[in-house]
Amino acid sequence: MPPQKPAPEHAPVNAGAAPSPENACKARLEQYKSAADALRDILLADLIRFGEIPAPTFAEEQRIRFLADRFMEIGLDNVSIDAVGNGMGIVSGREGRRNLLVLTHADTLVKDPKDQTIEVRADRLVGPFVGDNSIALAALTTLPLLLERLKLQFKSNIILLATTRSLERGNLEGIKHFLANSGRTIEAGLCLESVQLGRLNYHCIGLLRGDIHCRLPENYNWAQYGTTGTIIPMSEVVNRISQIALPHRPLTSIILGMIRGGIAYNNVARETILSFEARSESPDILNQIKQQITDICNEVGARSGIKLSLDVIAQREPGGLDIAHPLVRKATTIFTALELQPMLYATTSQLSALRDAKIPGLTVGLTTGERRYELDEIDESVKIAPLSEGLAQVVGILQEIDEGNIS
Amino acid sequence: MKLNLRKLLKKMSGHAPAKPEQKKFLAADWLPKHTFHHSQFADLKSLVTEKERQNLRISLCLPTLNEEKTIGKEIIMLKSELMTRYPLLDELVVIDSGSKDQTREIASSYGANVYLARDILPQYGERHGKGENLWKALYQMRGDIIIYIDADITNIRPHFAYGLVGPLIRMPEVQYVKAFYDRPLTLSKGVRVSGGGRVTEIQIRPLFSLFFPELTAIIQPLSGEYAARRSALERLPFPIGYGVETAHLLDIYHHWGMSAFAQTDLDQRVHRNQSTHALGKMAFGIYQTFFRRWRAYGYATNLPAMETVLRQFQNRDGRYEQIESPIREEERPPIIKIPEYQRAFGRFP
């Protein structure tokens, strides 16, 4: 028997052929990750700069000014701050026929944090609001530099937008204003959140956010109703809300977020305010909850002689894209190439404003992290290493959208 | 190498880049010409152009000892803006005194060149103190301009470096630029505005007012942030500990006069608070430096030998006990006198 030629250990299969689309995508993303890694100090420095500028909702000017200065320095087109304070810059496309929007909110929750200093540790950053939403803002200012390093020029314009008046009583006013007044047709939107890398939100949960005000009227009848003030009636309201039957399907919940009232130990509280948020996959259920809470207010008010009113500060319809939508599919392709397991859940973020404007949109996260609440402060920590993957993901998704059809 | 400060100071006069002013000094004249705000140098593009036109190399030194909480942030903030975005700095070096925490690892991971002070010029022995690091940095770094920035600043910004280097690039007569700022001290959770450094106000300013009134124009004489030309620093002796800033001011003033100084307002600097006992040690070291120069300048001939033990008290369970802290403010000679330095840089006294 003639000696057989041993088979090579790793026999080339179809040697010399072009790599599969999956492998080509993986290779591209690896390249994006390396380039993002090389820009790490720029990203982290901007993150610290953003994070240490106080920006409570309705007072984001200083943060947006810094963003606009950075956009100008980088040489973006149409750098501007609009009437409600949103900051914008455009990375112009080769063709410029389509506009892709990359956005994040610039405002933070706490009005007067004692100390917004960010600490840099070996593998993470620690400080208030690093996760919500300083990284996403820094990603906006780093993205143009990353595209430049990668020598990537998309066909579409990339509009980079930091929105104001997003949280709490802001109720997405910034993004709504932009969409209504920018005069640009937006093909698709990509909302950036600092955490968690792997989230892929394509659907919004419905939301009802409100304050229940409980006030002693000017003509309050002390003899008839007693001297308990507004806290006791509000406790009854809380008790009644907690008894509202909520279905498991469609998924529904009520969060009692804040309660405040009174001024001293020895003064009857003349006003108490309860802030709550109801969430549901069903708009009908949200309307029912709204009606039930209104009824509770009226009933408790009538019995106690105290003025109770519901002030709805936000109501958003549930809805969004279908999981089979081309945009979701394209994002999933990138997630798969990055070996990220997509976390699919409904969100209450800026996505709902895109949805209302009939613009297909997604929300993605940029790194992993955690948040710790104390009574009056928020401390967050975010990991540094996953950031390059987070940025690569953004470039990858934008490229997929730019090259394909998402309608 | 034993240091004869008196002989040295006499010799240094021959290398003075500028003669001290003979006319009466008026702080009102000096201040507006030599006092800046960092924003005056914020046009980094033009600063870099001018630096390149003058063919200058600029080095930044961060002296450290157990600064793991702040070092990473300082490196990121300075490197990203002043190296990656604008090539103002040519090198960023950490000279560490032997930290027990992760200072060196963190500094290195964020891209600084990290050295242990004891590994630099080891044949000259190991001393402990910030001044030792600053002196050894002169041998390790290659810049024509050296910037020193303390590593414990929590609100570091790029202007801490470009604000100091700006006057050196723009004004050839300036040799040494000092920082000044508001100095809120970090308390448990918040910050409060202090009236200025306690040692500055209680020790240095009264001493300068008594004996060197012109130097009172330096708003924050003990600030740990300054930049200087190598050609000046290499000719200065360096106290290894607390006295290094005071020594620099006195020696530069003594030989080159006020025109060699500038100062820049860096707005606010947030740093860790120090106990009164710790500040007592600092003041003790500064007194040694001060009186050594007083004697060397010939202002006093009969000063007794100085003690090198600081005695402080503490109360333990109702009993007072004395704590003795040996503090010997040794000095390194001007580095230009070191043969290794002469060979490495081709510069000679």
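This is a predicted model: local features need pLDDT of at least 70, side-chain atom pairs count only at pLDDT 80 or more; totals for chains, interfaces and linings use all residues.
How many residues does the hairpin that joins strand 4 of chain A to strand 5 of chain A run through? The answer is three residues.

Strand 4 of chain A, residues 119-120, pairs with strand 5 of chain A in the antiparallel sense, over two bridges. Glu119(A) has Val126(A) in strand 5 of chain A as its bridge partner. Strand 5 of chain A covers residues 124-127, and its side chains alternate.

I turn now to chain A as a whole. Its secondary structure comes to eleven helices and 17 strands. The C-alpha atoms fill a box of roughly 110 × 55 × 45 Å along the principal axes. Chain A has 407 residues, of which 45% count as buried. Among contacts in chain A with a separation of 6 or more, 81% come from residues 24 or more positions apart.

The next topic is a sheet in chain A. This is an open sheet of four strands, in the order 11-12-10-13, with antiparallel pairing. Strand 11 (252-261) and strand 13 (307-316) of chain A stand at the edges; each has a single partner strand, so one side of each is left without a neighbour in the sheet. On average, neighbouring strands of this sheet are turned by 15° against each other, direction ignored. Strand 10 of chain A, residues 206-215, runs antiparallel to strand 13 of chain A, and nine bridges join the two. Within that pairing, Leu208(A) stands opposite Gln315(A) of strand 13 of chain A.

Two helices belong to this picture. Helix 7 of chain A, residues 231-242, packs on the sheet and touches strands 10, 11, 12 and 13 of chain A, with its direction at about 10° to that of strand 12 of chain A. Helix 8 of chain A, residues 283-304, lies across strands 10, 11, 12 and 13 of chain A and runs at about 165° to strand 13 of chain A. The two helices also pack on each other, at an angle of about 145° and with their axes 10 Å apart. Their crossing is right-handed. Helix 7 of chain A contributes residues including Val237(A) and Ile241(A), and helix 8 of chain A contributes residues including Ile296(A) and Val300(A). By class, this contact has seven nonpolar, one polar and two charged residues.

One single residue deserves a comment. Arg199(A) sits in the loop between strand 7 (188-195) and strand 8 (200-201) of chain A. Is Arg199(A) buried or partly exposed? Arg199(A) counts as partly exposed because it has 19 C-beta neighbours inside 10 Å, and the cut-off for buried is 20 or more. Its C-alpha atom is separated by 4.5 Å from that of Met343(A), 144 residues apart along the chain. Beyond its neighbours within four places in sequence, Arg199(A) is in contact with Met343(A), Thr363(A), Val364(A) and Gly365(A).

Finally, I come to the contact between the chains. Chain B gives 20 residues to the contact and chain A gives twelve. On the side of chain B that touches chain A, helix 4 (71-85) and helix 5 (103-109) of chain B each supply at least two residues. Helix 4 of chain B provides the largest share, nine residues. By class, this side of chain B has four nonpolar, nine polar and seven charged residues.

Notes
Residues are numbered from 1 along each chain as its sequence is written. Chains are lettered from A and ligands numbered from 1 in the order in which they are written. Two residues are in contact if their C-beta atoms, placed from the backbone, lie within 7 Å. Ala, Val, Leu, Ile, Met, Phe, Trp, Tyr, Cys and Pro count as nonpolar, Asp, Glu, Lys and Arg as charged, and the others, Gly among them, as polar. A residue is buried if 20 or more other C-beta atoms lie within 10 Å of its own, exposed if 12 or fewer, and partly exposed in between; C-beta atoms are placed from the backbone. Two strands pair if DSSP finds at least two bridges between them. Axes are lines fitted to C-alpha atoms, for helices over the stretch in contact, and angles run from 0 to 180 degrees between N-to-C directions. A crossing is left-handed if the near helix is turned anticlockwise from the far one by less than a right angle, and right-handed if clockwise.
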